[in-house]
Amino acid sequence: MADRVAFRTCPLCEAGCGLEIELTGKPDGTEEVKRIRGDQADVFSAGFICPKGSTLKHLHEDPDWLRRPHVKRDGEFVAVSWDEAFETIAAGLEPILTAGNRNAVGIYLGNPNAHNLAPMFYNRGLIKSIGTQNVFSASTVDQRPKEVSSAMMFGSVAVPVPDLDRTDYLLMLGANPLASNGSLCTAPDFPGRLAKIQDRGGKVVVVDPRRSETAERADQHIAIKPNGDAYLLAALVNVMLNDGSAEPGRLTKHTTGLDRLPQLFAPFTPESVEGRTGVAPEVVRVLASELTGAPTAAVYGRIGTTCQEFGTLSSWLVDVVNLVTGNLDSVGGAMFTTHASGQPSTKGEPGRGRGFRLGARTSRVSGTQSTFGEFPVTVMPEEIETEGEGQIRAMVTVGGNPASSNPNSGRVNAALAQLDFMVSVDPYINETTRHADVILPPPSPLQKSHYDLALLQFGVRNIANYSPPVLPLDKGQMDEGQILLRLTAIFAGEAASGPEAERAAAGIDHLTASAIAGAATRDDYSSVAGRDVDELLEMTGRTGPERLLDIALRTGPFGDGFGRDPDGVSMDVLQGKPHGVDLGPLQEHRIPDLLRTPSGTIELFNEALLSELERLTDAVADDVAPMMLIGRRHVRSNNSWMHNVKVLTKGRNRCTLQIHPDDADRIGLVDGAPARVTSRVGEVVVDCERTDAIRPGVVSIPHGFGQNDEGVQLRVASEYRGVNTNVLTDEYLRDPITGNVALNGVPVEVVPA
Ligand SMILES: Nc1nc2c(c(=O)[nH]1)N[C@H]1C(S)=C(S)[C@@H](COP(=O)(O)OP(=O)(O)OC[C@H]3O[C@@H](n4cnc5c(=O)[nH]c(N)nc54)[C@H](O)[C@@H]3O)O[C@H]1N2
Ligand SMILES: Nc1nc2c(c(=O)[nH]1)N[C@H]1C(S)=C(S)[C@@H](COP(=O)(O)OP(=O)(O)OC[C@H]3O[C@@H](n4cnc5c(=O)[nH]c(N)nc54)[C@H](O)[C@@H]3O)O[C@H]1N2
Ligand code: SF4
Ligand SMILES: [Mo]
């Protein structure tokens, strides 16, 4: 029997499922989690949960999850007090900061930040107080190409999501939601939503070099060659233009560049691209006619389309197809979410803006362009290794494991090892944090409040939900927001320890709140235009991330406008609704108001995209590498950091090299035999798994394994028989526009080991 039931949104992946958490009291007055299951009453997930959801208990109780700050002394980590940890950081940074060049400090932000409320608000201030241009994040081993293609077309990162619940036809490229539970498309119970498309007579088509779990359930699987997506999508546009079925409808008058399509897409006939896609011309033609013929249809692309050589172009082409089939911004097609806490597309003057510009900065060593204030992680090692003014000598990592997740991890590890100083905000001693001098551990997910500031922007419904912490902090733990504020204070030259440091942290929190409220009051189109900032702050009645969230919600598109609309959303409202607030299905015809481009139209072309189209045209007849490596996810994994949870890793080895039997026979590999895989940058030996699910000429290894490196302190994960596939991925194989790495389509050689 539970003494108490708490509700909390799962922060582990983008689905954001509602959890029902049963707790019992212990004799010492603390509480223990008894059971976690899906919250049937959750407005979005309605009880859905995956095997990871219930492991929040295991994470909370994991003995390897650090509960006190750790400082490295004579090569060993020892637990210290917070004040001592922060003093050590201030002292370690001192020589680097006094040398005067702030670019000598780099920062890397990893994936869990996107799932965490406090970092979403405070990381920006941290970056500002460091004052460096060397900002990196997991976004450039992930979705940056989609953010950039959207920003180019619509003027801000407004990413269209497939209207899963109403579409009649879904074309999915390079996504495997049955394993990943969806990405850049927030949809708890993605598998159930796909099944419903089929139940209502619709069709699901999956394009993937591997017959993934999702492809297995789809109505049709198209086994494309890696990197072939841009060619396939271009051929679809070619066919639609030639047979006259391309028809953007309502959006024609809101789009610039449509007249250039016929000339630019003329080279991409289904026949001409076949060598690059491996897809028969007839299949392309049928696909084109089904897409234009379906009452509604949506095209959706994910990791297989972003983390590849034509990342931005493929991402752009996904929405070009949505546009020319008349499905963009309309019910059942690819639609725009309206996020309760506001987005650039709901701020400022509707229908027009400054738009997106590439490369505000260029990196020191290779002159690589920045996107959204960051350089791609593909240049991080060279910035650390290369001597000269502005060389990175210290790194800050927050919730990231670049030593595992970034390409050419051998080089990343060597680079991190040669730093003068490193601090990590992270709960574990893993591949990355073993290089740190100080580790500042956040509390477990159950000890944090939650609101999905990032991922609810991509919801297939408009919803909002807030969860308070389920369990209190233990003695000696520090809230993650507080950790980041204290770190920010150090870079701002404030005290590192004692009451002065706490006052400095509170001061930065107040400045953050004033800045967010101030931006809203200065926006003539906001519900609080012209209001007094201090009055608004006072009205929130809160501090910390909850105050910031209250401001964002109340000034957002569904907000109460601080009294203007008594029925509007606020923290008070969300706190009274533990199962979330449903704000309705996605709205169509957001264009033109949503646009923030200078022209006030969807801008189809710019120099960068035209040059990529030219590259695509020039390479149409090129041969592809005889053997290419792609990635893979399993529903029981979560990038690199959940293999320490025994209930998730037990069972058969999942870190295998999947290879087609024809290839395996030719090479001489029996099932389970060790294979040596070599790329330009590295080599691994991995157990082979023969399967006809994978296309000949392609092999697949999942990422996030190989936690058996020296210095890693993960009892369960280190025992796992796995290798790090990023030893093989190549930092110079990248999408030229964003510098985002091509983790898929890496040329490799495979031989028996
Ligand atoms: N269980 C679990 N869930 C996760 C994660 C996890 O590690 N484990 N990670 C989370 C994160 S950070 C993200 S970003 C999302 C990612 O979410 P998804 O994009 O759905 O992730 P994957 O399952 O890797 O699916 C990518 C698919 O692309 C295919 N592919 C590879 N190369 C190509 C190509 O060139 N063309 C095409 N068309 N397909 C290709 C692969 O075979 C694979 O099936 O998942 C999130 N959810
Ligand atoms: N080959 C290959 N490589 C890939 C991918 C692939 O498909 N193939 N996918 C890429 C993608 S999509 C992504 S997003 C990246 C992810 O890349 P990263 O973000 O660099 O790596 P993660 O594995 O997510 O590691 C997360 C880190 O955050 C820590 N952490 C966990 N919870 C918290 C918390 O609450 N607070 C803090 N401060 N830290 C926490 C963990 O201990 C871990 O160190 O990997 C990329 N790498
Ligand atoms: S799908 Fe699983 S990991 Fe993702 S939010 Fe839901 S329960 Fe959590
Ligand atoms: Mo990701």
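The legends below describe close-up views of a predicted model. In this predicted model, local features need pLDDT of at least 70 and side-chain atom pairs count only at pLDDT 80 or more, whereas totals for chains, interfaces and linings use all residues. Residues are numbered from 1 along each chain as its sequence is written, chains are lettered from A and ligands numbered from 1 in the order in which they are written, and side-chain values use heavy atoms, with hydrogens and water left out.

**View 1. The three-stranded open sheet with strand order 1-2-3.** The pairing in this sheet is antiparallel, where two strands pair if DSSP finds at least two bridges between them, and strands (E, at least two residues) and helices (H or I, at least four residues) are DSSP runs numbered from the N terminus. Strand 1 (4-9) and strand 3 each have a single partner strand and stand at the edges, so one side of each is left without a neighbour in the sheet. On average, and with direction ignored, neighbouring strands of this sheet are turned by 30° against each other. Strand 2 (residues 18-25) runs antiparallel to strand 3 and is joined to it by 7 bridges, and Gly-25 has Glu-31 in strand 3 as its bridge partner.

**View 2. The second largest pocket, with a volume of about 260 Å³.** On a 1 Å grid over the protein atoms alone, a pocket is an open set of points with protein on both sides within 12 Å along at least five of seven lines, a cavity is a set of points where a 1.4 Å probe fits but cannot get out, and lining residues have an atom within 4 Å of a point. Grid points are joined across faces, edges and corners, and a volume is the space filled by probe spheres set on the points. Strand 3 (31-38) and helix 1 (56-61) each supply at least two lining residues of this pocket, and the largest share, 3 residues, comes from strand 3. The lining includes Lys-26, Glu-31, His-60, Arg-67 and Asp-474. By class it has 3 nonpolar, 3 polar and 6 charged residues, with Ala, Val, Leu, Ile, Met, Phe, Trp, Tyr, Cys and Pro counted as nonpolar, Asp, Glu, Lys and Arg as charged, and the others, Gly among them, as polar.

View 3. Of the 13 residues that line the largest cavity, Cys-10, Cys-13, Cys-17, Cys-50 and Gly-53 are the closest to its centre, and the lining comprises 9 nonpolar, 3 polar and 1 charged residues.

**View 4. The crossing of helix 17 (residues 480-491) and helix 18 (residues 498-522).** The two axes come within 8 Å and cross at roughly 100°, with axes being lines fitted to C-alpha atoms over the stretch in contact and angles running from 0 to 180 degrees between N-to-C directions. Helix 17 and helix 18 are therefore roughly perpendicular to each other, a term for angles of 65 to 115 degrees. The contact (heavy atoms within 4.5 Å) involves residues including Leu-485 and Arg-486 of helix 17 and Ala-505 and Ile-508 of helix 18.

Technical notes. Parallel < 35°, antiparallel > 145°, perpendicular 65-115°, else oblique.
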